[in-house]
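Reader: Hi! I'm new to reading protein structures, could you walk me through one?
Author: Happy to, let's look at it together.

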Amino acid sequence: MSKDYYKILGVEKSASEEEIKKAFRRKAHEHHPDKKSGNEQLFKDVNEAYGILGDKERRAKYDQFGSAAFENGGFNPGAGGFGGFDFNQGGFNINMDDMGDLGDILGGMFGFGGGRGSRQKRGRDLEMEINLEFKEAVFGTEKEISVYTNSACEKCQGSGADPSSEIKTCSTCNGAGRIQKAQQTMLGTINTVVTCPDCHGQGKKAEKSCSDCNGTGMQKKEKKLKIKIPAGMNNGEALKLTGEGDYPGAGGKAGDLYIRVKVKSDSNFIRQDHNIISTSYIPFSIMALGGKVDVETVDGPVVLKIPSGSESGSVFKLKGKGVPYLSGYGRGDHLVTVLPDVPKKLSREQKKILEDLQNNEL
Ligand SMILES: [Zn+2]
Ligand SMILES: [Zn+2]
């Protein structure tokens, strides 16, 4: 089956080498399997596409013959130069300058940290939803939430070691914290250095494991958190609580917790970015003659001056009565649309006045 490598990278057929490289980095980020939005198949496709399009000769061959030219061993990422990668005998080097932060991605993927220190096991990120009233979202609020997740064991503080136990050098890795391991990857067999599974990369181990967590360092429990929702959050936006996600066990680092905000609609107000919109029905005599009316805002009633001869549907701006900016500086505006309040019932007297008006050809 023929693959459209240009489409996979999302570039034109006429794309420059630089554009292809950029597109590759972006797509590799996007589909990286460690990410929430990640997709392993797409990640592989993107790598395959770059393996061809990132190489002048291969690209020319592909342009001429299509992907079929590479299907019978023609494209073998484990055997030759592969775009930005450089395969030596038994080794695997990444040109970090060329790859930018992609080195981190690949390093993360294969467990060798891209030469930037060993990779620590990281817990899953969690996400939960929180419901807010319209005004709570506008002005901010405090909420207590409870999350049921793996947390660091209280007794050993996540280390897995009995607090009274003697600490010894790990015999599996001889204190290095890492061991060699042959890994099968989509790029062929790669010898990688991985975190020692016995000491979780610490190089030392307690003689006695923590009895509360059996040495895992973690406990599944419900934890309560008080969270401060800042003023101005909008429906669908999320708050990140660093380190409040899943704890992966001894030697690891907790993931993050994302609180996604769901804002209830309000019967009076509609939010539009940082502005608040509402409609007020006011006596049509005021619209004709001018005057003052009370308008409900999120800060309570505000007096609005209506100029004489205001048309139905006129919009008036109440400056600074909208939603606060998340930065903490300033607020949007409140826009009020005025409509005439047409009386359903009229007294005899009122009817008479209106009839007189009508006879005067208003
Ligand atoms: Zn413990
Ligand atoms: Zn070890």
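Reader: Which residue stands opposite Ile179 in β7?
Author: That's Val194. Keep in mind that this is a predicted model.

Reader: And how many bridges join β6 to β7?
Author: Eight bridges join β6, residues 178-185, to β7, residues 188-195, and the two strands run antiparallel. A hairpin through two residues links β6 to β7.

Reader: Okay, new one: in what order do the strands β3, β10 and β11 sit in their open sheet?
Author: The order is β3-β11-β10, and the pairing is mixed. β3 (126-132) and β10 (238-241) each have a single partner strand, so one side of each has no neighbour in the sheet. On average, neighbouring strands here are turned by 25° against each other, ignoring direction.

Reader: What joins β10 to β11?
Author: Four bridges do, and these strands run antiparallel, with β11 covering residues 257-263. In one of the pairings, Leu239 has Ile259 in β11 as its bridge partner.

Reader: Switching topic: how many residues are in the largest nonpolar core?
Author: It has 15 residues, and those with the most contacts inside it include Tyr5, Phe24 and Tyr50. The elements giving two or more residues to this core are α1 (5-9), α2 (17-31) and α3 (40-53).

Reader: Which one gives the largest share?
Author: α3 does, with six residues. Another core, of 10 residues, lies apart from this one, and among its members are Cys153, Cys156 and Met218.

Technical notes: Residues numbered from 1 in each chain as written. Chains lettered and ligands numbered in written order. Predicted model: local features only at pLDDT ≥ 70, side-chain atom pairs only at ≥ 80, totals over all residues. Pairing = 2+ DSSP bridges. Axes fitted to C-alpha atoms, helices over the stretch in contact; angles between N-to-C directions. Core = buried A, V, L, I, M, F, W, Y, C linked by C-beta atoms within 7 Å. Buried ≥ 20, exposed ≤ 12 C-beta atoms within 10 Å, placed from the backbone.
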